[in-house]
Amino acid sequence: MYDLIEIQNAVKAHLKPSRYIHTLGVVAFAEKLAEIHGGDLEKVRVAAWLHDYAKYASDGEILEILMANDLMIHPVVENHLNLAHGQVSALLAKEKFSIMDDEIIKAISNHTFGCPHMTLTEKIIYLADGLEENRKYEGVENLRELAFKSLDQGIIAMSTSTILYELKQGHMIHENTILMRNSLIAETKVEVS
Ligand SMILES: [Fe+2]
Ligand SMILES: [Fe+2]
């Protein structure tokens, strides 16, 4: 069984101050979304605390951990291994902090790119990572309001904004982000015009 106090102390000692402040923001925003939308507060808290644990792992460490766990190196992360920090944080959450709950592990693992058919905890962590109070970008206020009303509509709108940004940067788009957005549009039958 994990110990939340131990996790909090380890995260504080492990992260740079700016990343720690972001993590506190993700915890607070995730708690708020869980309260509004009936999420599991305990699971959401643990996932939020650990979601960026591997943010400062070196490329070598990331490669080593992924390969030791027989995980493929996705083309999107191949030249930017740090983008795999969610997957690595999830593996470390299991190894170092004895987190065995699959919903928590998947929420940590999928927080960067999202994933189709996410659980409530995954949806909350995906949104909280992009919308916590320290995030400053055009449109973030509207996205927050939307997420308070509907997690699915919040995710559709936030992933639209992420995809547009990445396209403009000339970056590849992870298919999980596209599949997540497609599946939510199909389920909710609302397209963003
Ligand atoms: Fe992250
Ligand atoms: Fe994050």
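Student: What makes the crossing of helix 3 and helix 8 right-handed?

Tutor: In this predicted model, the crossing of helix 3 and helix 8 is right-handed because the near helix is turned clockwise from the far one by less than a right angle.

Student: Why is helix 3 called oblique to helix 8?

Tutor: Helix 3 (residues 41-50) and helix 8 pack at an angle of about 40 degrees, and their axes are 10 Å apart. Angles under 35 degrees count as roughly parallel, and 65 to 115 as roughly perpendicular. The angle therefore makes helix 3 oblique to helix 8.

Student: Which residues make that contact?

Tutor: Helix 3 supplies K43, V44, A47 and A48, and helix 8 supplies T121, I124, I125 and A128. By class, six are nonpolar, one is polar and one is charged.

Student: How do helix 3 and helix 7 pack, and what residues are in their contact?

Tutor: Helix 3 and helix 7 (residues 102-109) pack at about 35 degrees, with axes 9 Å apart. Their crossing is right-handed. The contact is made by K43, V46, A47 and L50 of helix 3 with E103, I104, A107 and I108 of helix 7. Six of these residues are nonpolar, none polar and two charged.

Student: Which residues of helix 9 are buried, and what puts them on the same side?

Tutor: The buried residues of helix 9 (residues 140-149) are L143, R144, L146 and A147. They cover an arc of only 165 degrees around the axis, so they lie on the same side of helix 9. The face turned away from that buried side carries the exposed residues E141, N142, E145 and K149.

Student: What covers the buried residues of helix 9?

Tutor: The cover includes helix 2 (17-37), helix 8 (120-131) and helix 10 (151-169).

Technical notes
Residues are numbered from 1 along each chain as its sequence is written. Chains are lettered from A and ligands numbered from 1 in the order in which they are written. This is a predicted model: local features need pLDDT of at least 70, side-chain atom pairs count only at pLDDT 80 or more; totals for chains, interfaces and linings use all residues. A residue is buried if 20 or more other C-beta atoms lie within 10 Å of its own, exposed if 12 or fewer, and partly exposed in between; C-beta atoms are placed from the backbone. Helices (H or I, at least four residues) and strands (E, at least two) are DSSP runs, numbered from the N terminus. The arc is that of the directions from the helix axis to the C-beta atoms. Two residues are in contact if their C-beta atoms, placed from the backbone, lie within 7 Å. Axes are lines fitted to C-alpha atoms, for helices over the stretch in contact, and angles run from 0 to 180 degrees between N-to-C directions. Angles under 35 degrees count as roughly parallel, over 145 as roughly antiparallel, 65 to 115 as roughly perpendicular and the rest as oblique. Ala, Val, Leu, Ile, Met, Phe, Trp, Tyr, Cys and Pro count as nonpolar, Asp, Glu, Lys and Arg as charged, and the others, Gly among them, as polar.
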